[in-house]
Amino acid sequence: MAKIIHAADLHLEDGEEKSYCYGVLDEIIALALSEKAGALVLAGDIFDSFGDFEALRSEVCLKLRALAEAGCPVIYIPGNHEARGATADLSAYNLDPVIFAAARPFSIVEAGGAEFLCIPHAESYEGYRDWKVPPKKAGTPRIVVAHALNSTIYTGPDEETDSRAGVMDDDLFAHLGADYAALGHVHAGRQENLGGTLACYPGSARVWRAHKREAGPRRACVVEAGETVSVRGAELNSAG
């Protein structure tokens, strides 16, 4: 049984919100430690812009080192916000000890008793049937990590007209043999069973835009994946 913490959309900012942002991140780290999770999955938009990524990544990696040292690897894919104003290819960055899965169209990470198929933000995923994805390993849950919209769970309205996430077909998850889809981009929690894959948006880990679509408690997800997959929400008391 693999146990992971799934969070997304922190939108860490280098400004007056920085202390508050770090308070939420610290609570997510504490949650992963208290749950004795096999991995922490960060499904994109951890930083609010490329400028914030550049300014804060060293401090954030230092905070996340405690998890790596405790045997809980951190797997992080970039979302659409990390690319805002980017002046370099994100895949060139080493965020040690964080596993920064920025290579397109996908990369595979094995950790915590699971196989993570990591798909960074892209404008389109139409070529997924041509990806050379190896067969799923028997007895090992496969978790797709993506920062995208989905035609069944949520397609909009989306206020981010300059760099919105692409839309993933329902069939993508079954085609890739996923047991669980750890998604980011939608700021309100949602989940749906898509052809045998439990696909979940935990919602933004902190209140970022004041909008009725994003109302409600901020949370991360505690996911247990084996022969079956179960998800429970963990409310983040420092958020909001």
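Visitor: Where is Leu40, and what makes it count as buried?

Guide: Leu40 sits in strand E2, residues 39-43; strands here are DSSP runs of at least two residues, helices (H or I) of at least four, numbered from the N terminus. Buried means under 20% relative accessible area, with over 50% exposed and anything in between partly exposed (1.4 Å probe, protein chains only). Leu40 has 0% relative accessibility, so it counts as buried. Bear in mind that this is a predicted model, where local features need pLDDT of at least 70 and side-chain atom pairs 80 or more, while totals for chains, interfaces and linings use all residues. Residues are numbered from 1 along each chain as its sequence is written, and side-chain values use heavy atoms, without hydrogens and water.

Visitor: Which residues is Leu40 in contact with, leaving aside its neighbours within four places in sequence?

Guide: Contact means heavy atoms within 4.5 Å. Leu40 has such contacts with Ile5, Ile28, Leu64, Leu67, Cys72, Pro73, Val74 and Ile75.

Visitor: Why are H1 and H2 called roughly parallel?

Guide: Take the axes, lines fitted to C-alpha atoms over the stretch in contact, with angles from 0 to 180 degrees between N-to-C directions. Those of H1 (residues 18-34) and H2 (residues 50-69) cross at roughly 25° and come within 9 Å. Under 35 degrees counts as roughly parallel, over 145 as roughly antiparallel, 65 to 115 as roughly perpendicular, and the rest as oblique. H1 and H2 are therefore roughly parallel.

Visitor: And what about Arg206: buried or exposed?

Guide: Buried, because its relative accessible area is 2%. Arg206 lies in the loop between strand E12 (197-201) and strand E13 (219-225).

Visitor: What makes the link between Arg206 and Glu13 a polar contact?

Guide: The definition asks for a pair of N or O atoms within 3.5 Å; within protein, one must be able to donate a hydrogen and the other to accept it, and residues adjacent in sequence count only if both atoms are side-chain atoms. The side chains of Arg206 and Glu13 are joined at 2.8 Å.

Visitor: Which peptide bonds are cis?

Guide: One joins Asp96 and Pro97, with omega about 10°. Another runs from Arg104 to Pro105, with omega near 0°.
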